[in-house]
Amino acid sequence: MARTIVVTGAASGIGKATAELLEAGGDRVLRIDLREGDVIGDLSDPAQIDRVAAEIAERTGGVLDGLVANAGVSANSELSVKINYLGTVQLIEALRPQLAAAAAPRVSVTTSAATLQGNDPQLVDLLLEGDAEAALARGAALAAQGPEAGYANYSSSKRAISRWIRRAAPTPEYAGAGIGLNGVGPGQVRTGMTTELFASEAGRKMADDAMPAPYNGVAEAAHIGAVHAFLVSAANARMTGQVLFVDGGFDALRRGDDIWQSV
């Protein structure tokens, strides 16, 4: 039976590949993106997120089977904080009533293997505490220190969303309502965002040094999309609160055999 799935950031990269895989499997996909799609919206703007959720409700009749919360940016500024964490959580929460109305609701979030990289603990804590104003101020302060410190906006936003998934998944609002909530953490992936990086030998070496992928190397967007497609399917009947690192082995190299080591 066809399911109605929302995919954010669906105009390119992982979002586009995921949407295409879902449609090929017979699902109805509502594409959400900044400039093109079934619903247009800027997920860095809280007011627009509320409007996007309302437009989705008009199209779904208030019943949504799945959400792939994929939209994100790799910015060394607080924009990463706005979209990768604040906007993502706000949209998931705004769509939760529509998901709860479905028979087998599922959410899959694009996080990142950057969850396992260096981050700013203060920024992560502020996000998880729900202090958006202080988190954005902290992100701006990091960006002002230069690109190296500014990168923590990205890695911290991904660390925070990964931890939020773990916290929210078993709660009455999600597990108790039958909503499966998981994340996918890509490593190196060929997308429009990484075209320039992979275009030179120096860029490829930098990526491999930062996030090695000994198993089959750099992924294509469809490899990540295939995992999202399973996670939002009705067949995923028991998995929740998981962050699956689809990263060619980086997680195993980074954390070794202690799978209980905190991220």
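In the predicted model, the side chain of Thr-110 makes a polar contact of 2.7 Å with the side chain of His-228. A further polar contact, at 2.9 Å, joins the side chain of Thr-110 to that of Asn-70. Thr-110 belongs to strand β5, which spans residues 106–110, and its relative accessibility of 8% places Thr-110 among the buried residues, because buried means under 20%.

Attention then turns to the aromatic rings. A pair of aromatic rings is described by the distance of the centres and the angle of the planes. The count comes to 2 aromatic pairs. In one of them, the ring centres of Tyr-151 and Tyr-154 lie 5.8 Å apart with the planes at 50 degrees, so the pair is classed as tilted. Both tyrosines lie in helix α6 (residues 147–168), where they are 3 residues apart, about one turn of the helix. Tyr-151 is partly exposed, with a relative accessible area of 29%, whereas Tyr-154 is buried at 13%.

The rings of Trp-164 and Tyr-174 have their centres 6.0 Å apart and their planes at 85 degrees, so this pair is edge-to-face. Because Trp-164 lies in helix α6 and Tyr-174 in the loop between α6 and β6 (180–186), the pair ties together parts that are 10 residues apart in sequence. Trp-164 is buried, with a relative accessible area of 12%, and Tyr-174 is likewise buried, with a value of 2%.

Key:
Residues are numbered from 1 along each chain as its sequence is written. This is a predicted model: local features need pLDDT of at least 70, side-chain atom pairs count only at pLDDT 80 or more; totals for chains, interfaces and linings use all residues. Side-chain values use heavy atoms; hydrogens and water are left out. Helices (H or I, at least four residues) and strands (E, at least two) are DSSP runs, numbered from the N terminus. Buried means under 20% relative accessible area, exposed over 50%, partly exposed in between (1.4 Å probe, protein chains only). A polar contact is a pair of N or O atoms within 3.5 Å; within protein, one must be able to donate a hydrogen and the other to accept it, and residues adjacent in sequence count only if both atoms are side-chain atoms. Rings of Phe, Tyr and Trp (its six-membered ring) pair if their centres lie within 6.5 Å; planes under 30 degrees apart count as stacked, over 60 as edge-to-face and the rest as tilted.
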